[in-house]
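Here's a quick briefing to read alongside the structure. Have the viewer open and follow along by topic.

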Amino acid sequence: MEMFDLSLIWALIIGFGVIMYVIMDGFDLGLGILYPFAPDEESRDVMMNSVAPVWDGNETWLVLGGAGLLGAFPLVYSVFLPALYIGVFLMLAGLIFRGVAFEFRFKSRKNRRWWNRAFCWGSAVAAFAQGAVVGAYIQGFAVEDFAYVGGALDWLTPFTVMTGLGLMCGYALLGATWLIMKSEGHVQDWAYRITPILLAAVLAVFMAVSLWTPFVNPDVWARWFSNIEMIWIFPALAMACAFLVYRSVQKRSDGLPFVATLGIFIFTYLGLIVSKWPVIVPPNYTIWDAASAPESQLFLLIGVLFVIPIVLTYTAWTYWVFRGKVKVGEGYH
Amino acid sequence: MELDPLLLSRLQFAFVVSFHAIFPVFTIGLASYIALLNGLFYKTQNPAWDRLALFWTKIFAVVFGMGVVSGIVMSFQFGTNWSNFSQASANFLGPILSYEVVTAFFLEAAFLGVLLFGRGKVPQGVHLFAAIMVAIGTFISSFWILSANSWMQTPAGVELIDNSFHVTSWMAAIFNPSFWVRFVHMGMASFLTGGFVVAGVSAWFLLRNRDVEANRKALSMCLWLLLVLAPAQAVVGDFHGLNTLEHQPTKVAAMEGNWETRSHVPLLLFALPDQEAQTNRFEIGIPSLASVILKHSPSGVVPGLTEVAPEEQPPVALVFWAFRIMVGLGFVMIGVAIVGAILRKRGTLYTNTLFHKTLIGMIVTPFIAVLSGWVVTEAGRAPWLVYGMMSHAEGLTPSLTGGMALFTLIGYVAVYAVVFWAGIYYITKVVRNGMLPEDEREEIEGEVERPSRPLSAAHTPFDDADPARS
């Protein structure tokens, strides 16, 4: 057991699962948020069809993350979920509604309007709740003796409202650039038009969070102005990616805006991790404090290491099968 | 009025888990049935088996999808409402529940897609293999879930250090004393559920003279299955009861409505248990029969509820009546299966419309019986969350208030009401559409490859206003 730091391995696995979830479910939640603003019902069909084959595979990462946390870092599970009680409910309700709406919208004519609304509201609420979770993580939790002791709505502060709205903008940007890649004609034109606006909104939130954080959590600020200059590479790379999004949209590139947006997300995520590492239940508990017993981590690791390559292969295969543009009027069903 | 977060959390968990359980109970039985149909088609090449397999696979897809959707909530609820319990039991339950997720993932990634969308695209043997793997997969999933639940009923293989369970033996913990009876009892319940649903739907088709050949075959198969399984389940249930008597005597006392430890305990058919007075207000029973069933002798001494303090007793009336509903429905099922055998002997099995109508009514009974059974075992464990080691109150999230619990309880009821309505409505549409005629099936087989999105496997429109199909 001494040969490997199982908690470290598990932190890498969970960290990988979270970013996989964020970028993959991110663009389909983003399309849900952009849904009411689409120019016509035809483009809505294109939006839906572009994610229809992959969205539920994307959400499986969330379930794996939830179960993996209980197995490997139960303290995260038993502090985050009570602390974010109402937010977790809203997120789950949102995800359920949009999932059901997704399937039944295709099979529906008369009730399509209602399924459209369920899809849009479900996506928006789920995205907001996830953004608020990020904000709450930066804020930290009132924890005593390994249990959450705060109130039901402690997580809901002006700061977390901003991170919630920020993630909605971020997901919308992912959705718009995904649509650029997957569509053509007037749908793509629309996506090109809205991308710079969304990019500006994301950058504004990015700035605001950076300036606000020291007032919310001085520890994070101290980390950034300690002597580890290397960590500045992450925001620098994120900004470079943002610039790349802007340039590639001007040049009307097909795939580059989406790839560059993924870059923004990944480098921001890495920046967030280095601000906290190795604390996993802020402000006090590290990944080693939050870990389950080593024999439990090992027991679960065997199965997860077996299944992750299969899920990755399957995911890659799915995206490969459905590569290319979605054409207007080309029904998924 | 003060809102009690403990009571509300228990209600919420009972609601969510009951709602969720309806779907897997059905899919476990149905998956095996579909594998059998595919096997029969492979062996005989009779297209009737193929039509049945295709039809029931569509139903399976929708029910499986509903199960996944409703199951997402379950995986978060342990943390939101029972965080102390999650924290304490994570060393064991974390890996066990995660293995269930891992199994489901593996199943979905590898075989479900082939089963749902591979018909005609992969060789018949491969398709059959996928169907068998999906059926096995549903059992592996239930294996982990029932291991987790059985461990909470009869904990073993762990020691409690600093308010946290540490696993000393994975084998002892996973295969804890009540695991096998529970696993077999539940597996058979799933087969009974699948059997009664298929029999009921086949009877519905026969009443309308639709696809008569295939539905006669389905009805006949189901009734053979039920004739064996329904009585066998009663025997397994008896073993389960004896196992519970050994490990959780208070639960059995509540099931029997028996307050005092004594011999010659009657089997109560009707009683009004009064928890405050610690007695039954009114009872009708068969003398000494409970002693005979539980101890195999009229003078057998059966432990009573008053062996433990009133605050350590489960809600007696609830357990008592849920048990009677389950057993009563079990006997109705045995009766229906026997009537089916008599009609078969007389040669009127396919023509007796009264029997067909009865079978349609029977569709709901296995679901009610299964839910009642779970009420018996879960409520009967009260006040314990992990029997004898951790109470409900100790497992509750410390920061949870009554208002929060009430808010999410109402929320989940509202969300599930919508989802459930849409799902049931859609399944009945699929059933009414019946088995698609040959020309429409070509079109489906010609569609592009796509991954396993369960609900997409059914092609029935959601409402009637779809000009393309209705």
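A compact globule of 333 residues would have a radius of gyration near 20 Å, and chain A of this predicted model comes in at 20 Å, so the two agree. The C-alpha trace of chain A spans about 55 × 40 × 40 Å along its principal axes.

**Chain A on its own**

- Chain A is built from 13 helices and four strands.
- Of its 333 residues, 53% count as buried.
- If you look at contacts in chain A with a separation of 6 or more, 78% of them come from residues 24 or more positions apart.

- Chain A has a mean pLDDT of 87, with 97% of its residues at 70 or more.
- Among the elements of chain A, helix H7 (residues 158-182) has the highest mean pLDDT, at 95, while H3(A) has the lowest, at 80.

**Where chain A meets chain B**

- The contact involves 54 residues of chain A and 52 residues of chain B.
- On the chain A side, at least two residues each come from helix H3 (55-72), helix H4 (74-83), H5, strand E2 (147-148) and helix H13 (294-321).
- Sorted by class, that side of chain A has 34 nonpolar, 14 polar and six charged residues.

- Helix H5 (residues 85-106) of chain A packs against helix H2 (residues 47-81) of chain B, with the axes 10 Å apart and an angle of about 175 degrees.
- Angles over 145 degrees count as roughly antiparallel, and H5(A) and H2(B) are therefore roughly antiparallel to each other.
- H5(A) brings A:Tyr85, A:Val88, A:Leu92, A:Leu95, A:Ile96, A:Gly99 and A:Val100 to this contact, and H2(B) brings B:Val69, B:Ile72, B:Val73, B:Phe76 and B:Thr80.
- By class, the contact of H5(A) with H2(B) has 10 nonpolar residues, two polar ones and no charged ones.

**Cis peptide bonds**

- Most peptide bonds are trans, and most residues other than glycine have a negative phi.
- In chain A, a cis peptide bond joins A:Trp277 and A:Pro278, with omega at about -5 degrees.
- You'll find A:Pro278 in the loop between helix H11 (256-276) and strand E3 (279-281) of chain A.
- In chain B, a cis peptide bond links B:Ala382 to B:Pro383, with omega at about 0 degrees.
- B:Pro383 sits in the loop that runs between helix H12 (365-379) and strand E5 (384-386) of chain B.

**Positive phi without a glycine**

- B:Asn209 isn't a glycine, yet its phi is positive, at about 55 degrees.
- Look for B:Asn209 in the loop between helix H6 (179-207) and helix H7 (212-247) of chain B.
- Is B:Asn209 buried or exposed? It has 8 C-beta neighbours inside 10 Å, so B:Asn209 counts as exposed.
- B:Gln278 isn't a glycine either, and its phi is positive at about 55 degrees.
- B:Gln278 is in the loop between strand E3 (267-274) and strand E4 (279-286) of chain B.
- With 15 other C-beta atoms within 10 Å, B:Gln278 is partly exposed.

Notes:
Residues numbered from 1 in each chain as written. Chains lettered and ligands numbered in written order. Predicted model: local features only at pLDDT ≥ 70, side-chain atom pairs only at ≥ 80, totals over all residues. Axes fitted to C-alpha atoms, helices over the stretch in contact; angles between N-to-C directions. Parallel < 35°, antiparallel > 145°, perpendicular 65-115°, else oblique. Contact = placed C-beta atoms within 7 Å. Nonpolar A, V, L, I, M, F, W, Y, C, P; charged D, E, K, R; others polar. Buried ≥ 20, exposed ≤ 12 C-beta atoms within 10 Å, placed from the backbone. Rg over C-alpha atoms; globule rule 2.2 N^0.38 Å. pLDDT = per-residue confidence, 0-100.
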